[in-house]
Amino acid sequence: MTTASSPAPLAADLSTASVSDALDSLGLPGSLHGIGALRQGQRTAGPVFTVTYEPVDETGGTVGDFLDDVPTGSVILIDNAGRTDCTVWGGIMSETAHERGIAGTVIHGTCRDVAVATDVGYPIWSVSRFMRTGKDRVRVAAVQRAVTIDQVLIRPGDILVADDDGAVVVPAARWDEVAELARRIDQVEEAIVRAVRDGATLAEARTRHGYHSLQTRKDPS
């Protein structure tokens, strides 16, 4: 199996909040609204492997065996159009993905077999959880093609960061720029907290460290 290079070590110190703020500052979309952590304390980061589902028709189709093609260290991003009436991820997939070193799964849709994912420690983010199978309801329509979720265009290989606050995607070509700005934002916020602990008012600390301009758009791209 091919091993993907992963930014996870580089992103270990970055929260989705900081990355989202950095994207706002650069005028880039990336925050995936409505997708949340299956359980608290999860965190992942890695290159995206995209999977798109669609409703079945008279020609049929299956939920797919794409897991065999996902590189180690990738984050699987499944787009099921936000459907919550049938699942596209369950226990077999959680155990297989965990065994193969996949970094996590983010679903624009729903999952099931929550207990299995919890037991093996496999991280999942989704719109909801629901037990009804996707078999004979949805099928895999495409793998490793660009998808758009909540007006965010996501290409295979883009960098996804997910934690307790949700999931955010950064274009691969701008990851270094976004990560650097996110770390700068973190440094400013830490300085503000230190100033408050040393006796400054919140207003004074924010003004001193330029807090209110942190997310001001700097690049109209």
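Strands, at least two residues long, and helices, at least four, are DSSP runs numbered from the N terminus. In this predicted model, Gln151 sits in the loop between strand E7 (147–149) and strand E8 (152–154).

**Overall content**

The protein chain has six helices and 10 strands. Of its 221 residues, 46% count as buried. Among contacts in the protein chain with a separation of 6 or more, 75% join residues 24 or more positions apart.

**Residues with positive phi**

Most residues other than glycine have a negative phi. Gln151 has a positive phi of about 65° although it is not a glycine. Ala81, also a residue other than glycine, has a positive phi near 60°. Ala81 is placed in the loop between E3 and H3. A positive phi is found as well at Gly27, which follows H2, with a value near 70°.

Gln151 and Ala81 count as exposed because their relative accessible areas, 73% for Gln151 and 60% for Ala81, are over the cut-off of 50%. The table lists the two residues.

| Residue | Phi | Relative accessible area |
|---|---|---|
| Ala81 | near 60° | 60% |
| Gln151 | about 65° | 73% |

**Helix H2 and its packing**

Nine of the 11 residues of H2 are buried, so the helix is largely enclosed by the rest of the structure. The buried residues of H2 are Thr16, Ser18, Val19, Ser20, Asp21, Ala22, Leu23, Ser25 and Leu26. They pack against strand E9 (159–163), strand E10 (166–170) and H5.

Two packed helices are described by the angle between their axes and the distance between the axes. For helix H2 (residues 16–26) and helix H5 (residues 175–197), the angle is about 115° and the axes are 8 Å apart. H2 and H5 are therefore roughly perpendicular to each other, since angles of 65 to 115 degrees count as such. The crossing in which H2 passes H5 is right-handed. On the H2 side, the contact is made by Ser18, Val19, Asp21, Ala22, Leu23, Ser25 and Leu26. H5 contributes Glu177, Val178, Leu181, Ala182, Ile185, Asp186 and Glu189. By class, the residues of the contact of H2 with H5 divide into eight nonpolar, two polar and four charged.

**Ile35**

Ile35 lies in the loop between H2 and strand E1 (36–37). Its relative accessibility is 5%, so Ile35 counts as buried. The C-alpha atoms of Ile35 and Ser128 are separated by 7.9 Å, although the two residues are 93 apart along the chain. Not counting residues up to four places away in sequence, Ile35 touches Val106, Ile107, His108, Trp125, Ser126, Val127, Ile149, Gly166 and Ala167.

**The largest nonpolar core**

In soluble globular proteins, nonpolar side chains tend to be buried together. The largest nonpolar core here has 21 residues, of which Phe66, Leu67, Ile76, Ile78, Trp89 and Ile124 touch the most other members. At least two residues of this core come from each of strand E2 (44–55), strand E3 (75–79), helix H3 (91–99) and strand E4 (104–111). E2 gives the most to this core, with three residues.

Ile124 touches Gly36, Ala37, Leu38, Gln42, Trp89, Ser94, Thr105, Ile107, Cys111 and Ala117, again not counting residues up to four places away in sequence.

Key
Residues are numbered from 1 along each chain as its sequence is written. This is a predicted model: local features need pLDDT of at least 70, side-chain atom pairs count only at pLDDT 80 or more; totals for chains, interfaces and linings use all residues. Side-chain values use heavy atoms; hydrogens and water are left out. A nonpolar core is a set of buried Ala, Val, Leu, Ile, Met, Phe, Trp, Tyr and Cys residues joined through side-chain atoms within 4.5 Å. Buried means under 20% relative accessible area, exposed over 50%, partly exposed in between (1.4 Å probe, protein chains only). Contact means heavy atoms within 4.5 Å. Axes are lines fitted to C-alpha atoms, for helices over the stretch in contact, and angles run from 0 to 180 degrees between N-to-C directions. Angles under 35 degrees count as roughly parallel, over 145 as roughly antiparallel, 65 to 115 as roughly perpendicular and the rest as oblique. A crossing is left-handed if the near helix is turned anticlockwise from the far one by less than a right angle, and right-handed if clockwise. Ala, Val, Leu, Ile, Met, Phe, Trp, Tyr, Cys and Pro count as nonpolar, Asp, Glu, Lys and Arg as charged, and the others, Gly among them, as polar.
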